[in-house]
Amino acid sequence: MKFFVFLIVLIILAFLLEKVLNKLFGVQRIKLSETTAKNVDRWRRGIIVGICLCSFPFIINSIISIKWFWIVFLILSSGSESLLEWIYIKNSKQYITTLIFLILGLIIIYNVEHILSILSWN
């Protein structure tokens with residue numbers, strides 16, 4: 001139960017942080033599918049999903065490899081999304097908020113065991 005409460009609080013904090021960061025940087029959120037990067041974004045997502053689906057059976061052995069799987073997945077997806085936002089959405093700092101969420105996500109995933117031990121959920 002504590003874990004689900006933690007996830008809900010984390011989602012609410014992420015939502016609020018996104019609103020604050022977008023206001024701070026003056027970002028009007030634009031989807032990549034609404035720009036000329038529509039096809040590039042589709043290919044990017046398809047390739048990342050394909051790589052993850054093909055590698056998933058090999059990493060199921062341990063918690064540590066699953067953690068690193070999610071770290072690599074987050075780097076590939078958010079990093080490439082940030083790069084496309086920087087290239088295709090001109091005069092916007094939307095890529096900065098994506099990079100901030102990438103860094104925060106990496107910190108949370110890397111420290112997930114410590115977070116769970118604080119919540120006494122082992």
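Colleague: What share of the contacts in the chain with a separation of 6 or more comes from residues 24 or more positions apart?

Modeller: That share is 72%, where a contact means heavy atoms within 4.5 Å. Keep in mind that this is a predicted model, where local features need pLDDT of at least 70 and side-chain atom pairs count only at pLDDT 80 or more, while totals for chains, interfaces and linings use all residues. Residues are numbered from 1 along each chain as its sequence is written, and side-chain values use heavy atoms, with hydrogens and water left out.

Colleague: What makes up the secondary structure of the chain?

Modeller: It comes to 5 helices and 0 strands, and the pattern along the sequence reads α-α-α-α-α. Those are DSSP runs numbered from the N terminus: H or I with at least four residues for helices, E with at least two for strands. The C-alpha trace spans about 45 × 35 × 20 Å along its principal axes.

Colleague: Why is the pair Glu 18 and Arg 29 called a salt bridge?

Modeller: The rule asks for a side-chain nitrogen of Lys or Arg within 4 Å of a carboxyl oxygen of Asp or Glu. The closest N and O atoms of Glu 18 and Arg 29 are 3.2 Å apart, so the pair qualifies. Glu 18 sits in helix H1 (residues 2-25) and Arg 29 in the loop between H1 and helix H2 (38-59), 11 residues apart.

Colleague: Why do you call Glu 18 and Arg 29 partly exposed?

Modeller: Buried is under 20% relative accessible area, exposed is over 50%, and partly exposed lies in between (1.4 Å probe, protein chains only). Glu 18 has 25% and Arg 29 has 40%, so both land in the middle class.

Colleague: How many salt bridges turn up in the whole structure?

Modeller: The search finds 4. One of them joins Asp 41 and Arg 44 at 2.7 Å, N to O. Both residues lie in helix H2, 3 residues apart, about one turn of the helix. Asp 41 and Arg 44 are both buried, and together with Arg 45 they are linked in a network of salt bridges.

Colleague: What makes Glu 113 and Lys 67 a pair that ties parts of the chain together?

Modeller: Their side chains meet in a salt bridge at 3.3 Å, N to O. Glu 113 lies in helix H5 (residues 112-118) and Lys 67 in helix H3 (residues 63-88), so the link joins parts 46 residues apart in sequence. At 36% relative accessibility Glu 113 is partly exposed, whereas Lys 67, at 12%, is buried.

Colleague: What percentage of the chain's residues is buried?

Modeller: Buried residues make up 25% of the 122.

Colleague: And how far apart are the mean positions of the positive and negative charges?

Modeller: They are 3 Å apart, for 12 positive and 6 negative charges. Lys and Arg count as positive, Asp and Glu as negative, with His and the chain ends not counted; each charge is placed at NZ of Lys, CZ of Arg, CG of Asp or CD of Glu.
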